[in-house]
Structures are given as structure tokens and as C-alpha cells.
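Dear colleague,

Here is the structure I promised to pass on.

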Amino acid sequence: MAQKPSIPKGTRDFNAEAVAKRSYIIETTKEQFQLYGFQPIETPSFENSETLMGKYGDEGDRLIFKILNSGNFLFEKNTIELPESLNTLMLKSLDELSISEKIELNKFTDGISGKALRYDLTVPFARYVVQHQNDIVFPFKRYQIQPVWRADRPQKGRFREFYQCDADVVGSKSLFQEVEFVQLYDAVFNALKLDGVTIKINNRKILSGIAEVIGAQDKLIDFTVALDKLDKIGEEKVKEEMRSKGISEEGISKLQPLFSLKGDFGNQVKSLKSILSVSEIGLEGIKELEFINTAISNLKLKTATLQLDVTLARGLNYYTGAIFEVSAPEGVKMGSIGGGGRYDDLTSIFGKPDTSGVGISFGLDRIYLVLEELGLFPNTITDATKVLFINFGEKEALACLEAVTQLRQKGIKAELYPDAAKMKKQMTYANRRNIPYVVLVGKEELESKMFTLKTMETGTQEKLKLQDLLQALL
RNA sequence: GUGGUUGUAGCUCAGUUGGUUAGAGCGCUGGUUUGUGGUACCAGAUGUCGUGGGUUCGAGUCCCAUCUUCCACCCCA
């Protein structure tokens with residue numbers, strides 16, 4: 001036997017059932033997006049390298065799949081210039097390179113690879129907005145559901161090819177957008193019958209404010225990354241990490257009230273206010289949160305809960321205001337199943353400043369796993385063939401095909417077994433495909449122009465005229 | 001990127017300190033039943049033991065490399 005074929009690490013094949021379940025999630029989500037006024041767009045699978053590189057931090061750059069240019073690099077006309085410090089570069093890992101060496105390496109990489117696979121949907125979306133700004137009507141509400149690729153190490157619920165499902169609005173600073181996104185999360189998960197999710201909310205301005213109060217403005221990212229781990233590694237380890245990042249003991253002690261922050265939205269806000277009383281930006285963040293919370297309390301959510309979580313930080317690189325994260329209902333072991341936030345400056349990297357955006361994302365693969373675990377996929381999802389015609393031979397098969405054609409015209413999913421195989425084999429085929437009805441047309445039926453309809457589950461069968469057969473299967 | 005883990009039949013997995021011809025269950029094919037499936041019984045087929053090197057008289061078993069699986073970290077959806 002030849003060597004078994006395989007697929008690359010971190011990729012998957014989907015069978016009919018998986019496709020049906022995935023499209024159920026996607027279609028349900030799309031429906032809600034459209035109810036909220038979002039329009040679909042799509043962007044290419046790969047972008048020019050410079051569109052993506054440098055937008056996700058060093059860590060992100062490392063995980064971008066680069067596409068090798070085609071052609072013969074050694075051919076006279078295409079020759080690539082090797083970096084001057086080639087020998088040094090060969091001895092160092094990415095982290096050890098100096099800035100000038102990095103520039104040199106990037107230049108070389110650009111020479112052999114000018115394109116890269118899409119790493120997320122947000123940056124290509126920003127590119128889209130800037131590129132088509134004259135045709136777009138602002139505020140621009142779009143949704144996008146497409147695969148993205150990351151050269152990551154796969155883990156549970158983490159792949160190298162996976163779908164993202166984003167909805168964003170650009171060109172409006174209104175906090176009503178945030179309010180609507182909270183409602184949208186609630187609506188989508190409600191439509192998926194996934195009750196009891198928690199929508200956690202925070203605000204980058206509050207994080208900035210806290211960093212300011214403890215004198216760690218310059219270490220904002222280190223500070224928030226550490227704080228973000230609170231429910232995972234606990235208070236002591238978080239403090240330890242902050243110390244190791246050079247945050248002062250005095251500052252850490254000022255954080256103490258933060259660790260014991262409890263209670264409902266109102267109480268948390270109260271204690272936050274006292275911590276942040278000297279920080280203008282922090283108080284602004286609180287004001288924004290209060291606005292959103294008040295609106296949501298008045299509007300009411302169907303099944304989700306809105307919760308303030310000051311430790312929520314997420315990929316901080318572009319969020320500037322509200323930060324969202326959705327976690328699965330209690331009892332389900334799964335990380336976040338969605339996230340998002342406001343970014344005030346994303347399009348300025350492509351030359352269009354002052355365009356505020358806010359958006360949310362759904363973790364399709366994880367939602368799939370959660371729905372699977374809780375048994376929330378409807379049974380009707382995989383409606384396969386309803387009736388199989390047993391093939392007794394050429395003449396009989398021909399008569400069957402006529403009936404099959406008529407059934408199909410009535411919208412009944414019907415098929416004829418292609419070969420005049422043994423009856424047992426054909427029946428087994430029906431069983432394995434979960435086809436509930438079988439029609440037998442042999443010599444006898446052919447002469448009397450009747451059809452024997454057999455219900456597989458009960459084993460009962462009856463002889464019917466074509467008209468009655470149609471009726472019975474409708 | 002760091003540390004660990006996994007790979008044997010279509011699937012799930014056994015396989016002793018290295019020792020003749022590598023096994024089980026399920027599935028598959030055929031038969032009991034030449035026009036009636038799921039059950040039962042009978043018979044049968046299937047493996048470059050992930051791949052490539054090495055050690056050895058001898059390797060599924062030991063060593064090295066590589067790919068793959070899963071997990072923790074980093075990061076993230």
C-alpha cells in the first residue's frame with residue numbers, strides 16, 4: 001500500500017455532519033448580524049506582507065505565514081541580495097537581533113516573500129476601510145466570516161487554520177455602539193440556545209488610569225498582561241510577575257483593593273472611583289462603563305449576563321476604550337468564546353487618522369465545541385436522503401428513476417442505488433446512511449406498476465401507486 | 001519559540017529483560033438467506049509496527065534525527 005496521505009499540522013478535514021453544524025452556527029450568527037444592520041464583506045486570503053507585518057507585535061509577526069515568491073531566485077534577473085551581516089544573522093535567534101539587524105533581515109525576507117496569509121480579519125478590514133474610504137458610507141457596519149492562518153503550535157481548540165467571525169463599526173465614537181454590541185452578543189448566543197454566557201467588560205482607560213496611579217504608565221502592557229492572569233494563576237503569582245517586570249512594591253500595594261474587588265457593577269465602580277480619583281483618564285473610563293451598564297440594565301439582556309472585570313486586558317495592542325470578552329456558561333471548560341473592543345486609531349496605520357472603530361469577534365471553533373458538549377445542536381441539522389430506491393436491474397432501475405425524478409420535483413430527497421447489487425448490500429447502505437425509507441421495485445411491481453414502500457425503522461411495508469407513494473413521503 | 005507526550009490493521013488499542021510466522025475487539029468482505037437491513041452463527045481479507053538512519057547474530061521493543069498527536073508555557077480565537 002502506498003504511504004498514507006496526511007494534512008499539515010493544525011489543519012482539519014470536516015465531514016458532512018461537521019459542515020452542517022458549522023454552517024448552522026454561521027447562518028444563525030449571520031442572521032443576527034443582519035438584523036443589527038451589518039453588511040458582509042470579504043477580503044483576500046493573502047495580503048501584501050507590509051499590510052500585515054508589524055501590526056501584531058513581534059510575537060504576532062512570528063506567527064504570520066509568509067508566502068514564498070515564485071520563480072528562480074538564483075536566476076540572473078531575480079537574484080536576491082543576501083544581507084551584509086549574513087554570518088551574524090545565521091547565529092542569532094529572532095529575539096537576539098539588534099534593530100538594524102532586524103531591518104536587514106526583513107529586507108531579505110521581503111525579497112523572497114512579498115505576500116502573507118491573513119492573520120486576522122481586523123487588520124485587513126482596516127486596510128479595506130482606508131483603501132475604499134471614498135466609497136464607504138460612514139458609520140460603516142460590516143461583518144466578515146472567513147478563515148485566518150497562524151503558524152502557532154496547535155492545542156485544544158487552537159488550530160493553524162480557523163475561522164473568525166467579526167462584526168465592526170467604524171466612523172462612530174458613540175457609546176451606543178458598545179451597547180448594541182453587548183445586545184448583539186446576547187442575541188447571537190440566545191439564537192444558538194447557548195444560555196448563561198457571561199459578557200465581561202472592561203475599559204482600557206481604566207487600566208491606563210490604574211497604571212498611572214501606581215506609577216507604571218510606561219509598563220502598561222506588562223502590567224495588564226500580569227493582571228489579566230489573575231483568575232488563572234492567583235493573586236500572589238500576579239504580584240510576583242509584576243515585581244519581576246519592575247513595578248514598584250509601593251505601586252503593587254496600591255493595587256490591593258483591586259484584588260478584593262467584589263460585588264455588583266455598582267459596588268465595583270464605587271471602589272474603582274476611589275482608587276482612580278486622581279486619574280482623569282481612569283475616571284473617564286468609569287464614566288463610559290457606567291453609561292453602557294445603565295443602558296443595558298434598562299434594555300435588559302435575554303440570557304447573557306454583563307459583568308465588570310477589571311482584570312480583563314486581551315490583546316492590548318490596538319484597543320483604546322471598551323474591552324469585551326465572552327466566557328462559556330459555568331461548568332463548561334473552555335476559554336473565551338468571543339472578544340472585542342474599541343480601537344480609536346487602527347486605520348491611522350494605513351494613513352487615515354481619527355476614525356474610531358469598535359467590534360466584536362466570535363470564536364467559531366470553540367462555540368462548536370461548547371454546543372457539542374452541551375448537546376445544543378438541533379437534530380434536524382443533517383437532513384440527508386429520505387428514500388432509497390433499491391436497484392433490481394436495468395429495467396426496474398429505469399422505472400425507479402422516473403419515480404425518483406418526480407419525488408425530487410416535490411422536494412423529497414431521493415436516490416437510486418447505482419448498481420444492481422445484492423439486496424443485503426443495498427439495505428445495509430440505507431442503514432448506514434440513516435435513510436428512513438426504502439422503495440422496492442422488482443419484476444412483480446414493474447408489471448403491476450406499483451411501488452413497495454418499506455419503513456426501515458419498523459420493517460413494515462406496503463404496496464402503493466406512484467401518486468400514493470408521493471403522498472406518503474411528503 | 002521553550003518543556004513534555006503520542007504514533008502498531010479502516011477505527012480503538014494489547015504486544016514481557018530485544019528472540020521464530022505481530023495480536024484482540026469493533027468495522028469490512030463472503031456465506032447460512034439466488035427479492036428484504038439492523039440480531040445470531042460460520043468463514044475470510046487487511047499491516048514497509050509514522051519516516052529515515054544507527055547499535056545488534058537478531059529491533060515493534062534500544063539509540064539518534066525528522067514528521068505527527070495531545071498537553072503546559074509564551075501568545076492567543
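The side chains of E290 and K273 form a salt bridge, with N and O 3.3 Å apart. E290 belongs to helix α15 (residues 280-299) and K273 to helix α14 (residues 265-275), so this contact ties together parts that are 17 residues apart in sequence. Both ends fall in the middle class of accessibility: E290 counts as partly exposed because its relative accessibility is 29%, and K273 counts as partly exposed because its relative accessible area is 36%. Please keep in mind that this is a predicted model.

Salt bridges with shared partners also join R12, R22 and D365 into one network. In total the structure holds 19 salt bridges.

Another of them pairs E47 with R127, at 2.5 Å from N to O. This pair links distant parts of the chain, since E47 sits in strand β2 (residues 46-48) and R127 in helix α6 (residues 122-131), 80 residues apart. E47 and R127 are both buried.

A local case is K239 with E235, where the closest N and O atoms are 3.0 Å apart.

Now for the chain as a whole. Chain A contains 20 helices and 16 strands. Its radius of gyration is 29 Å, whereas a compact globule of 474 residues would have a value near 23 Å. The C-alpha trace of chain A spans about 95 × 70 × 50 Å along its principal axes.

Of the 474 residues in chain A, 47% count as buried. Among contacts in chain A with a separation of 6 or more, 69% come from residues 24 or more positions apart. The accessible surface of chain A comes to about 25,700 Å², and carbon and sulfur atoms account for 50% of that area.

Best regards

How values were computed
Residues are numbered from 1 along each chain as its sequence is written. Chains are lettered from A and ligands numbered from 1 in the order in which they are written. Side-chain values use heavy atoms; hydrogens and water are left out. A salt bridge is a side-chain nitrogen of Lys or Arg within 4 Å of a carboxyl oxygen of Asp or Glu. Helices (H or I, at least four residues) and strands (E, at least two) are DSSP runs, numbered from the N terminus. Buried means under 20% relative accessible area, exposed over 50%, partly exposed in between (1.4 Å probe, protein chains only). The radius of gyration is taken over C-alpha atoms; the globule rule is 2.2 Å times the number of residues to the power 0.38. Contact means heavy atoms within 4.5 Å. Accessible areas come from the Shrake-Rupley method with a 1.4 Å probe; for residues, only the protein chains shown count as cover.
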